Structures are given as C-alpha cells and as structure tokens.
Amino acid sequence: MNSDPSLIRFSIFTPFPELVCAFSTRIGGVSESPYDGQNMGLKTGDDPDNVLRNRKSFFSKLGISEKEIAFSDQIHGTKIAAVFKPGVYESCDALITNEPNTFLAIQTADCFPLFFYEPQQKAVAAVHAGWRGAISGIVPATLDLLVEKYRIQTEQLRVAIGPGLQKECFEVGEVVFKQVDEKFLTKHPDRQKRYFDLYGFLFDQLTEKNVLPDHIFDLNHCTKCLEQRYFSFRRDGKQSGRMIGLIGIRNTDNF
Ligand SMILES: [Zn+2]
C-alpha cells in the first residue's frame, strides 16, 4: 500500500484521512556510514547537517513543517507531556495532544514506538517504550492521561506498534527478567539470561486497559534482523542511527 521505502504508514489508520502518522526507515537520506542513510538522531555522532536534511525531507513528504512538531527528548523514563504546541519537551518518553496541526515525534532504534488515535475525541499519543519504560508502566500511564485530559474511550482507541527488538533477539539479564511475568520470557542458552517478549508485554498492558485486540496493529518487524531497513542499537552499538515517527491531526478547515 506504500511504495516509498523511506517511510511506513500503518493500515489501521487508513480509515482516518484527518490523521497523519508515519515512521521512517533508514532507506534513503544523505547520512554516511555507519549512519547510512536516513539517520534522524542528532545525538548519535552523525553530521548534524545531514540529520537535519534527512528530517526535512521526511517531514516534507508528509506535508509537515518542522515548526509544527513537538519533539520528545527521551530518557527511558515515564514522564508524559500533554502538549498544546510544537517545541521540544525535555525528559519525556510520551506525548499526547488533541490540538490539530501539532505533530508528536518520537525517535527509536530497538525500543518500540507506539502511536495512539482516538477518533471520537480526536486525541493522539506517541510513546517510546523500551523495557525500562514498559516495566515502569508508561503505556498504561499514557492511556490514563488520555482518559483524564481528553475523555477518550480506550475501546475506541486505535494503536499502531512500529518496528522494534522482537522476542527472538531481545536478550535480557536478571535486572529485567526478575521484574516480569514468566509468560513473557523464554529460555536462553546462557542461564543468566532470558529472551523477553516486549511486544507481548505491551499488548497485555493495552488490552488490560480495554483496548480491543482488533484495534492493535503490530508491524512485527525486528530492528536488529532487518539491517537494510532499520537502525538497531543492539546490533550497531553507539554508532547507531535513529528512526523517527510522528502522529497528529491535520486541520483541513482551510482547505
Ligand atoms: Zn531480530
């Protein structure tokens, strides 16, 4: 449904023409190795001019100006900002809004990006969920704040989950596996480790808050395995680029 390999759009949002939601891949762009090509992360060691060119190209494909974007400055925490306008939101791993023409942006490389849309209240959210944020409950906390601020109904919510580290690749140590239910863990050849199903963990958190399973779209792509398509911190280490995703409502009153 999407012929441009530099970005992903999620089919679950197709019925909502007022919504803009997309996630970048590493395909295209002007960054050079090891950040080739469409690196969106400014704090990665890459040439910032190239990152800004990559971002500008991506945003313009979506018909969005950088001045319309609310960026989260992520720290693997659980702080959520309800935003009214574009800008940079420090120390936030999730953003929510019901303002049209304010597009919420998150960056990832292995952590899962989650995008929420509640079509009746026209509220959106973007969440960055790695194991730390997920275990600390950033997803249910975001749902609670959407209910509190915008009176959304979680039964109406549509959720898209982008690429991330899948369970076959998600090695974790004791610090992680002691905190999660056995059902999300599988055995690892090293007895000090397990494989963690972070996607399954997030899915359960969503459905426990009455999000309908049919309303959750999982891309099911592994960032570590799909080297041509995605950056991966687990695979590439500190010299890993980042993808960016955004979601927001385009106010078409002027059209
Ligand atoms: Zn993998």
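Trainee: Does Cys225 count as buried or exposed?

Mentor: This is a predicted model, in which local features need pLDDT of at least 70 and side-chain atom pairs pLDDT 80 or more, while totals for chains, interfaces and linings use all residues. Residues are numbered from 1 along each chain as its sequence is written, and side-chain values use heavy atoms, without hydrogens and water. Buried means under 20% relative accessible area, exposed over 50% and partly exposed in between (1.4 Å probe, protein chains only). Because its relative accessibility is 54%, Cys225 counts as exposed.

Trainee: Does Cys222 count as buried or exposed?

Mentor: Cys222 and Cys225 both supply SG atoms to the zinc ion. The relative accessibility of Cys222 is 8%, so this residue counts as buried.

Trainee: Which spacing do the donors of the zinc ion follow along the chain?

Mentor: Donors are N, O and S atoms within 2.8 Å of the metal (3.2 Å for Na, K and Ca); water is not among the atoms, so sites may look incomplete. Here the protein donors are the SG atoms of Cys169, Cys222 and Cys225, at 2.1 to 2.2 Å from the zinc ion. Along the chain their spacing is C-x52-C-x2-C.

Trainee: What separates the C-alpha atoms of Ile249 and Gly63?

Mentor: Ile249 belongs to strand 15, residues 243-249 (strands, E, at least two residues, and helices, H or I, at least four, are DSSP runs numbered from the N terminus). With 8% relative accessibility, Ile249 counts as buried. Gly63 is 186 residues away along the chain, and the separation of the two C-alpha atoms is 12 Å.
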